[in-house]
Amino acid sequence: MKETIVDTLNEKIAEVLSEDIPTEVLYLSPEEAKAACGTPDADFSHITAPTIRVVTVAGGGTCPCGGTHVRSTAEVGGVTLEP
């Protein structure tokens with residue numbers, strides 16, 4: 001049976017989740033957050049705190065976030081895309 005792109009993506013997702021990649025929470029100045037997130041046009045002017053909470057996944061993305069996060073990709077459990 002020929003693999004579809006969805007099958008390929010599901011395999012890659014499972015692989016990444018099983019790698020138990022750690023996440024890290026950082027508190028950065030607005031300027032540091034812009035640089036870390038690769039968003040030089042980001043507007044943090046509405047934030048009055050001296051630091052911005054930023055979550056990073058080793059080897060992956062970094063972005064500002066005020067939400068709840070897993071400590072590693074293994075805590076996600078599983079994700080399945082449907083065609």
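Residues are numbered from 1 along each chain as its sequence is written, and side-chain values use heavy atoms, without hydrogens and water. Because the model is predicted, local features need pLDDT of at least 70 and side-chain atom pairs count only at pLDDT 80 or more, while totals for chains, interfaces and linings use all residues.

Trainee: In what order do the three strands form the open sheet?

Mentor: Strands are DSSP runs of E with at least two residues, and helices are runs of H or I with at least four, numbered from the N terminus. Two strands pair if DSSP finds at least two bridges between them. The pairing here is antiparallel, and the order is S1-S2-S3.

Trainee: Which strands stand at the edges?

Mentor: An edge strand has a single partner strand, so one side of it is left without a neighbour in the sheet. The strands in this position are S1 (23–28) and S3 (62–64).

Trainee: Which residues of helix H2 are buried?

Mentor: Buried means under 20% relative accessible area, exposed over 50%, and partly exposed in between (1.4 Å probe, protein chains only). In H2 (residues 30–37), the buried residues are Pro30, Ala33 and Cys37.

Trainee: Which residue follows H2?

Mentor: Its phi is positive, near 70°. The residue is Gly38.
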